[in-house]
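Please look over the sequence and the structure shown here before reading on.

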Amino acid sequence: MLRIMRKLAVNALKSPSLCSEPFRHVYFQKTKMRVLSVTQHKCSLRNYSSPPGDVKSLRSVINPHISRIRNIGIMAHIDAGKTTTTERMLYYSGYIRTLGDVDDGDTVTDFMVQERERGITIQSAAVTFDWKDYRINLIDTPGHVDFTVEVERCLRVLDGAVAVFDASAGVEAQTLTVWRQADKHQIPRICFLNKMDKNRASFTYAVESIKQKLKTKPLLLQLPIGEAKTFRGLVDVVTKEQIVWKPTSDLDDGKNFEQKLLLEADDPNLFQEVQDARNTLIEQVADLDDQFAELVLGEYSENFDLIPADKLRSAIRRVTLAQKAVPVLCGSALKNKGVQPLLDAITMYLPAPNERSYEFLQWYKDDLCALAFKVLHDKCRGPLVFVRVYSGSLKPQSAVYNINKSCTERISRLLLPFADQQIEIPSLMPGNIALTVGLKQSATGDTIVSSKASAVAAARRAGRDAGREKWSTSDVESLLLAGVEIPDPVFFCTIEPPSMARQQDLDNALSCLQREDPSLKVKLDPDTGQTILCGMGELHIEIIHDRIKREYGIETYLGPLQVAYRETILNAAQATDTLDKTVGDKRHLVTAELEVRPRLGERATTKPIIEYAASVTEALPKELQGAVENGITNSCIQGPLLGFPVQDIDVTVQSLMVHPDTSHTMVSACLSRCMQKALKKGGIQILEPLMKLEITVSEDYLSAALADLAQRRGSIQEIQSRQDNRVVVAAVPLAEMMGYSTVLRSLTSGSATFTLELASYQALNSQEQSALLQRRMGLV
Ligand code: GDP
């Protein structure tokens, strides 16, 4: 968001008509942002810019009616055109004055320097703007697989999404991943087939691929007029209106287009196609919506042509919201065609916040319940936290309670990231999104309520509903909104500051970056005391490295990138351990006996399943159970062989004797030691991450890509044809994939693209395992 704001502010500064001298001064001197208070806003808005809606919509700027809000995400495979589409949306809604171009590194949403250089969207950018009478809060989600956690986090706050496709490629790997994530969060979607102007663009192919790969029912709401070079517009199947862009020059921005009813005389073939498409659409929708079926079979059974557009639209909206089908639209963002109808479709077919149901809301009643979904660090104002309010309202100068961190914090100001300004607002109502200033502890994914008492009241309601007299920790957990599952990192490396004097600055930079991005893990090597950076991919770590340099001014050194292996055991084993320590006048005495077993069936979880022998269950006081389980679980974080997490283990506590004075810490320590013994006896097996690799490559370079894969211990699972390209699906150990993007680029003259995703963990054979051990011990 910050980068959008900065860019917009920079744009505003570039244009003398938009900004007076004193204002520029404020911009540079104070906050690098335009911050207007509500009282200031009326005149400021008049003075500095006049977006559509202008001052008349000021009231709705601050708190639009909930039914007019759309919290929308854009998701897609890398390069499908998300950034370009977002840019066009901002332009047509009036909030940027010139069109940026991703190819020139000049767009608003790809603001981070790294994004511009690499031509990808990394951090989610949220931007708020109005389209007609609607407020659109748009979250641009990243397309690179290293950042799927970022996508997942955004999906939590969205009510609807637009999936952007390259019409010449259909459904690509990353879209499939994000689509599944959206399914999980039950997010209604619409599809936008972009790049209709591109050579080999095919509307039919793309629709077929949506049907086959996404296993969904596409509702064709538009048909293209022309394809590839001849693409010039579209027909709205609902109204049978044709929308044609007639650019007068290369600089034509697509704001003007011709919209009129398509007549048979205009193009008899197209007319017939549209007629058929409309009938098919009506039948599809009637199949999925009883209310519409009644209408069609009753009043309009003789002539579908007479069905009013608004009745059809309402029915399309109902089936989209129920996620029974997905509207499909088309266009070319780059050539400025089709984006305005896409904006209309967002307002027409995607849900308002009050049309989504959230189970947790019943516990809060009308109390405040909000989710912190993104943290940005502003050098002047400290952390800026994006929040979405689900119930109640948020006010500046008020204390709030963070359930995840169990702490009370103060919000000093609330800012609406509205177009190119940050407008200070007096309150934030349900369904809306804003930036808060003042929250110091809150991190991405935290739940915020008005007070501790309000959290307890909600937990009590949840507990009562579950039939419990007293509320418990599980009731508090049911109040938490986010809990985005963060996959374990697959890569790690050491990171060092240029001098010891800068270690503290580095620690500070890393903790800020971690609050922004929970998929980044930082730990301390217990043996060497070095800081270790753990990330989701090579690109992820590279970006963090760059950001530390650019944003925090610290030149750091990264050690070689290493693969995060896992450990498991081969056989069941038992161990006994006794801890006997006297501290002061207290004797701490614990004796434990454990059995560990390799888990069959469900795989790849680092959380051990813990059982107790009947005799232990009877004698174990409830309050000690936590200490026992902590000890066991902690010992699985660092395996006994190389210190990697231990996965797929079942544990039985066979006997446990605890002296009455023993502290919980001592109980955990004894169980931990006993676990380490048992794991060693069980015979440690190292597991390596096995990745699913998908390469899209032209026929000419296919053999070069395959030969290279063979050298990487890759096993090819499938080679599909996609238009003129081949798509190779393979499984490859991650250890063999270091620097793959550079190699693939040179092998295929930059024409191939790939995605890499964690598939599973597989056992190293004994030679590989001993080679790895020797390498790790520095013997080779
Ligand atoms: P993102 O990675 O999904 O954000 O995609 P971008 O918006 O960065 O676009 C990727 C590339 O596709 C850039 O070179 C764009 O110029 C190009 N592109 C985007 N939209 C279109 C389009 O409608 N037609 C064509 N031909 N190219 C497009």
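## An open sheet

Two strands count as paired if DSSP finds at least two bridges between them. Strands of a sheet pair through backbone hydrogen bonds, either parallel or antiparallel. The model is a predicted one, and in it 4 strands make an open sheet in the order S27-S28-S30-S29, with mixed pairing. Strand S27 (573–583) and strand S29 (609–612) are the edge strands, each of them pairing on one side only. On average, and with direction ignored, neighbouring strands of this sheet are turned by 25° against each other.

Between strand S28 (residues 586–598) and S30 there are 9 bridges, and the two pair in the antiparallel sense. Opposite Glu-595 stands Thr-652, a residue of S30.

## Helices on the sheet

Helix H20 packs on the sheet and touches S28, S29 and S30. The direction of H20 makes about 135° with that of S29. Helix H21 (residues 664–681) lies across S27, S28 and S30, and runs at about 150° to S27.

## Aromatic pairs

How many aromatic pairs does the structure hold? There are 7 aromatic pairs. Buried means under 20% relative accessible area. Tyr-358, with a relative accessible area of 16%, is therefore buried, and Tyr-390 is buried at 7%.

Tyr-565 and Phe-644 form another edge-to-face pair, at 5.6 Å centre to centre and with 65° between the planes. Tyr-565 lies in the loop between strand S25 (562–563) and strand S26 (566–569), and Phe-644 lies in the loop between helix H20 (622–635) and strand S30 (649–658), so the pair ties together parts that are 79 residues apart in sequence. Tyr-565 counts as buried, at 8% relative accessibility. Phe-644 also counts as buried, at 6% relative accessibility. Together with Phe-492, Tyr-565 and Phe-644 form one aromatic cluster.

## Charges over rings

Which residue has its charged end over the ring of Trp-179? The residue is Arg-189, whose charged end sits 4.5 Å from the centre of that ring. Arg-68 lies over the face of Tyr-134, at 4.6 Å from the ring centre.

## A residue in strand S18

Gln-422 has its place in strand S18 (residues 421–424). Is Gln-422 buried or exposed? Gln-422 is buried, because its relative accessible area is 1%. Gln-422 and Ala-434 are 12 residues apart along the chain, and their C-alpha atoms are separated by 9.5 Å.

## The chain as a whole

The protein chain has 24 helices and 34 strands. Of its 780 residues, 55% are buried. The chain exposes about 33,500 Å², and carbon and sulfur atoms supply 50% of that area.

Contacts in the protein chain can also be sorted by separation along the sequence. Among those between residues at least 6 apart in sequence, 73% join residues at least 24 apart.

Terms used. Residues numbered from 1 in each chain as written. Predicted model: local features only at pLDDT ≥ 70, side-chain atom pairs only at ≥ 80, totals over all residues. Heavy atoms only, no water. Phe/Tyr/Trp six-rings, centres within 6.5 Å; stacked < 30°, edge-to-face > 60°. Buried < 20%, exposed > 50% of the residue type's maximum accessible area, 1.4 Å probe, protein only. Lys NZ or Arg CZ within 6 Å of the ring centre and 35° of its normal. Contact = heavy atoms within 4.5 Å. Areas by Shrake-Rupley, 256 points an atom, 1.4 Å probe, with all protein chains shown as cover. Axes fitted to C-alpha atoms, helices over the stretch in contact; angles between N-to-C directions.
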